[in-house]
Amino acid sequence: MKPIYLAPLACAEHPDFDKVDTHRHGYLTSGDLKGDDYVSKNFARCNVKHDGHMTREEYTNCHE
């Protein structure tokens, strides 16, 4: 039987919420996320409440 090589899965590191929330509002807007391509592109999907303010929980869940 041939051995199977599985490439390790690497999770992309994302900036800590507190580092991104530079205005210390306790939420993020799409403008705050310009440096995070994944969340920026998926803001509408990740912003579960659809209020334009992404909470810490929404931000964390978006990267999982």
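A disulfide (a pair of cysteine sulfur atoms within 2.5 Å) joins cysteine 46 to cysteine 62, with an S to S distance of 1.7 Å. A search of the whole structure finds 1 disulfide. This is a predicted model, in which local features need pLDDT of at least 70 and side-chain atom pairs count only at pLDDT 80 or more, while totals for chains, interfaces and linings use all residues. Residues are numbered from 1 along each chain as its sequence is written, and side-chain values use heavy atoms, with hydrogens and water left out.

**The disulfide**
- The pair links distant parts of the chain, 16 residues apart: cysteine 46 belongs to helix α3 (residues 43-46) and cysteine 62 to helix α4 (residues 56-62). Helices are DSSP runs (H or I, at least four residues), numbered from the N terminus.
- The S-S torsion of cysteine 46 and cysteine 62 is about 45 degrees, so the disulfide is right-handed.
- Cysteine 46 and cysteine 62 are both buried (under 20% relative accessible area, with a 1.4 Å probe and protein chains only).

**The loop between α3 and α4**
- Valine 48 is located in this loop, between α3 and α4.
- Valine 48 has 57% relative accessibility and therefore counts as exposed (over 50%).
- The C-alpha atoms of valine 48 and glutamate 58 are 6.9 Å apart in space, and the two residues are 10 apart in sequence.

**Aspartate 21**
- Aspartate 21 lies in the loop between α1 (17-20) and α2 (37-41).
- Aspartate 21 is buried yet has no salt bridge (a side-chain nitrogen of Lys or Arg within 4 Å of a carboxyl oxygen of Asp or Glu).
- The nearest side chain of opposite charge to aspartate 21 is arginine 24, 5.2 Å away; Lys and Arg count as positive and Asp and Glu as negative, with His and the chain ends not counted.
- Beyond its neighbours within four places in sequence, aspartate 21 is in contact (heavy atoms within 4.5 Å) with Gly26, Tyr27 and Leu28.

Terms used
Helix = DSSP H or I, 4+ residues; strand = E, 2+ residues; numbered from the N terminus.
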